Amino acid sequence: MEREYYLQLAKSGLQMPIGADLILHEYADADAILEDGERLGRVLEETAKRFCTPLAVPHMDLELEKFEILRLLGIPAEERAKYHFTSPPSAEDFAAIDAVQVGAFSPRLQAHIDSVRYIATQTDLLPIGMAIGPFSLMTKLLADPITPVCMAGSGVTAEEDEEVATVEQTLSLIIRFIVRSIEAQIAAGAKAIFIAEPAANKVYFSPNQLDAGSDIFDRFVMAYNYQIRALLAQYGVDLIFHCCGELTEYMVQKFTKLDPAIMSLGSSRKLWEDAALVPDDIVLFGNLPSKKFYSDALITVEQVEQQGAELLAKMAEVGHPFILGTECDVLTVQGCEATIRAKAMVIAKRRELCCP
């Protein structure tokens, strides 16, 4: 899409949560839907219509790629949730990932891809693909990624330490699979790809190391996301970049170098201040605290309205393109569905302007 498309969405006053999970779990057989591409596509269509947005944001499952990689490496299904690499991936591991063919994915990943195809071929919504960011996926595959990342940031090399080598080789392995998944989603018709990189934050990267000149953020986060950005540019596909972690200004500025059409940040950030760090042709998205929506003790409907109004006013004051939304996907919490849904619908309150 032309960049102007996203700028016009912001100018139009679009407000929307990221809410496919919430709508999905209105169905009793949600797990079955996740393995049926057409039905999942219909859920994405229903979500977009419910929240009155032309953007068909996929269901955000940040375990999807982890389980698929481990399946390809022969890890038994019952072990995948808790499995971690304890040494660098082997040559055989790389060969297994390189050998995977489009169409030979698990039912769940194939349904994810087919849901993009449904949106692209059966609706007039913008078809959006999704993948977890490489660094965030790496953190799910190691029991303790923080220590080796810190060691690498202080200058310890892979040749000197096996844990550092494991981080580096794991990143090299998973970027190959993420690229393959993104290519399949583009082939299915995705016009934009949503990259969720929540772990690229202050928990994993020492601000002191970065301030002292360490290039660890460039090497472990940016280098791999630049590969994704180059892939998208090759196909003329837009980037929607998301990080809901605790960030420094340095990290926000780094993310802008990826030139996303939309940048989604967490509620820890003051978007009206970040506007000074972000080029005017990048739409800022967010960042109401959706992780608290399940409890009125944490945030009420009235407080969601108040915070949304404050965000809209402050973003209008600084004049930066902005879409009011959630800091992350709105996850279903059993027994709290009505409470969560009421808060999500506050964000989509402009729906009456475009949805008869």
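Reply: Start with the count: there are four cavities of 30 Å³ or more. A cavity here is a set of points, on a 1 Å grid over the protein atoms alone, where a 1.4 Å probe fits but cannot get out; its lining residues have an atom within 4 Å of a point. Points are joined across faces, edges and corners, and a volume is the space filled by probe spheres set on the points.

This is a predicted model, so local features need pLDDT of at least 70 and side-chain atom pairs count only at pLDDT 80 or more, while totals for chains, interfaces and linings use all residues. Residues are numbered from 1 along each chain as its sequence is written, and side-chain values use heavy atoms, with hydrogens and water left out.

Take the largest cavity. Its space is about 110 Å³. Among its lining residues are Leu 34, Leu 40, His 59, Asp 61, Leu 64, Glu 65, Arg 108 and His 112. Met 130, Ala 131 and Ile 132 line this cavity too. By type, the lining holds seven nonpolar residues, two polar and three charged. Ala, Val, Leu, Ile, Met, Phe, Trp, Tyr, Cys and Pro count as nonpolar; Asp, Glu, Lys and Arg are charged; the others, Gly among them, are polar.

Which elements build this lining? Helices α5 and α7 and strand β2 each supply at least two residues. Strand β2 gives the most, with three. Helices (H or I, at least four residues) and strands (E, at least two) are DSSP runs, numbered from the N terminus.

Look along helix α5, residues 64-72. Its buried residues are Leu 64, Glu 65, Lys 66, Glu 68, Ile 69 and Leu 70. Buried means under 20% relative accessible area, exposed over 50%, and partly exposed in between, with a 1.4 Å probe and protein chains only.

Just after α5, Gly 74 takes a positive phi of about 85°. Further on, Glu 79 sits in the loop between α5 and α6. Glu 79 is partly exposed, at 40% relative accessible area. Its C-alpha is 9.7 Å from that of Phe 67, twelve residues away in sequence.

Now the second largest cavity. It holds about 70 Å³ of space. Met 16, Ile 18, Leu 55, Val 57, Ile 128, Phe 194, Ile 240, Ile 262 and Phe 285 line it. Its lining has nine nonpolar residues, no polar and no charged.

Leu 55 leads on to Leu 9. Leu 9 lies in helix α1 (residues 3-11). It is buried, at 10% relative accessibility. Leu 9 touches Leu 14, Pro 54, Leu 55 and Ile 323, leaving out residues up to four places away in sequence. Contact means heavy atoms within 4.5 Å.

What about the nonpolar packing overall? In soluble globular proteins, nonpolar side chains tend to be buried together. A nonpolar core is a set of buried Ala, Val, Leu, Ile, Met, Phe, Trp, Tyr and Cys residues joined through side-chain atoms within 4.5 Å. The largest one here has 121 residues, and Ile 182, Phe 205 and Phe 255 have the most contacts inside it. Helix α10 (residues 162-187) gives the largest share, 13 residues. A second, separate core has seven residues, including Ala 20, Leu 44, Ala 56 and Ile 119.

Phe 205 shows the packing in detail. Not counting residues up to four places away in sequence, it touches Phe 135, Val 149, Ala 200, Leu 210, Ile 216, Phe 217, Phe 220, Val 221 and Met 251.

Last, two backbone details. Most residues other than glycine have a negative phi, and most peptide bonds are trans. Cys 52, not a glycine, has a positive phi of about 55°. It lies in the loop between α4 (37-50) and β1 (55-56), and it is buried, at 9% relative accessible area. The peptide bond from Gly 286 to Asn 287 is cis, with omega near -25°. Asn 287 is in strand β6 (residues 283-288).

Key: On a 1 Å grid over the protein atoms alone, a cavity is a set of points where a 1.4 Å probe fits but cannot get out, and a pocket is an open set with protein on both sides within 12 Å along at least five of seven lines; lining residues have an atom within 4 Å of a point.
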